[in-house]
Amino acid sequence: MDHTTASPKGLIGLLALMCGIAIASGYYAQPLLGDIGRAFDVPAGFAGAIPMVTQLGIALGALLFLPLGDIVNDRKLILSMCAAHTVMLVVVACSPSAAALTWASALMGVTTVTPYLLPAYAAKIVGAHERGHVTGLLARGIFAGILLARTASGYIGHYASWNTIYWIASALMLAMTLILAQRLPSTQPRSGLRYHQLLASLVTVFREQPQLRFAAARQGLMFGAFNAFWISLVFLLEGPRFHMGSDVAGLFGVVGVAGALAAPLFGKLADRRGAMASVRLGTAMASLSWLVFAAFGQHLAGLVVGVLLLDLGVTASHVSKQAIIYQLGTEIRGRVSTIYILGLFVGGALLSGLTAYLWGAFGWYGVCVLGFIATVAALLLSYADAPAGGRAAALLA
């Protein structure tokens, strides 16, 4: 039986917490890139590839596992992915070389899909009138996890070895998996398709849902710009201007949490007034952040202001886009999530790779140009003609 009008007391808060703990695994490495490079005696460019392969792994995991939400019991799927992710965190922590760590990070990324299974699951167990608010709460958990992951790993990595955080993360994931096993209600599959039919139908869903195509493209650009900042920040702070370590880079995650805390507000705004205004506002704020980084990024105060703008903008955009795509059809919600998350992490991976190159070639200002171009492109796409049959929609068909 589906619980579509109310959820057990405290369950949504528990799901938001799990979103944060699970997604954090994909971002622990970012403040530690310098430490990882020194530990394995590899250059910064090689260490900088670890976030890229992790993002690609998450995209592959989304493709393989998120569609299953339409044809299997969500509870079993979520618990299975949580257990697999716990194992892969241990594998990362045990990596004996840079090459092994790269492969382990990619495989860990494949299992980092629980935070993207949970919003679609939550949308099934609550009423339509609170769907945007609940989505916002889970988004707050996701963005808080992404940002505080950097704080935790940067601080712990400064005083212990780089892999200590992964041992801690595996213990947290195990504990949360056991708790969820006691609390998650079951849902019934809403599609009778077989798995290979389900994967093939992703193409049909992609072609028939122009709003989804635009949302995936815009958030891929936004998330790529978001990653570009956080990957390059540790190299900026370790450079001759600041001479600071991974612990300080991680502390910027605390600043960024202010944006994550605003996520439910944008969810409520999407429920009341429609989501596109919030999408445009958030994208404009993210674009402005890169101008601040370029003009004042050589000062800590400028970095703080830019982080607030960037994280609030990306959060607002993400929450509002989810409010749009989760209204596209209950029976295709798993596939909608798949396409959206694929767009998000493919964009994140591509811009992560470009960031490593641009930092080596042009330094901080090269990264600022990349981030500004990506966010402005996302803003322009928010004014495109998205309805089916529209001219701009045809460009993404």
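In the predicted model, helix H4 comprises 17 residues, 49–65. The distance from its first C-alpha to its last is 24 Å, close to the 24 Å expected at 1.5 Å a residue. Buried positions in H4 are Ile50, Pro51, Val53, Thr54, Gln55, Gly57, Ile58, Ala59, Gly61 and Ala62.

The chain has 397 residues, of which 60% count as buried. Among contacts between residues at least 6 apart in sequence, 85% join residues at least 24 apart.

Two packed helices are described by the angle between their axes and the distance between the axes. Helix H1 (residues 11–24) and helix H9 (residues 164–183) pack at about 155 degrees, and their axes lie 11 Å apart. Because angles over 145 degrees count as roughly antiparallel, H1 is roughly antiparallel to H9. The crossing of H1 past H9 is left-handed. On the H1 side, the contact is formed by Leu11, Leu14, Leu15, Leu17, Met18, Ile21 and Ala22. H9 contributes Leu172, Met173, Met176, Thr177, Ile179, Leu180 and Arg183. By class, the residues of this contact between H1 and H9 are 12 nonpolar, 1 polar and 1 charged.

The contact involves Val205, Phe206, Arg207 and Glu208 of H10, together with Pro210, Leu212 and Arg213 of H11. The residues of the contact of H10 with H11 comprise 4 nonpolar, no polar and 3 charged.

Most residues other than glycine have a negative phi. Asp41, which is not a glycine, has a positive phi of about 55 degrees. Asp41 is located in the loop between helix H2 (33–40) and helix H3 (44–47). With a relative accessible area of 70%, Asp41 is exposed. His243, also a residue other than glycine, has a positive phi near 55 degrees. The loop that holds His243 runs between H11 and helix H12 (246–261). The relative accessible area of His243 is 63%, so His243 is classed as exposed.

Notes. Residues numbered from 1 in each chain as written. Predicted model: local features only at pLDDT ≥ 70, side-chain atom pairs only at ≥ 80, totals over all residues. Heavy atoms only, no water. Contact = heavy atoms within 4.5 Å. Helix = DSSP H or I, 4+ residues; strand = E, 2+ residues; numbered from the N terminus. Nonpolar A, V, L, I, M, F, W, Y, C, P; charged D, E, K, R; others polar. Axes fitted to C-alpha atoms, helices over the stretch in contact; angles between N-to-C directions. Parallel < 35°, antiparallel > 145°, perpendicular 65-115°, else oblique. Left-handed = near helix turned anticlockwise from the far one by under 90°. Expected span 1.5 Å × (residues − 1). Buried < 20%, exposed > 50% of the residue type's maximum accessible area, 1.4 Å probe, protein only.
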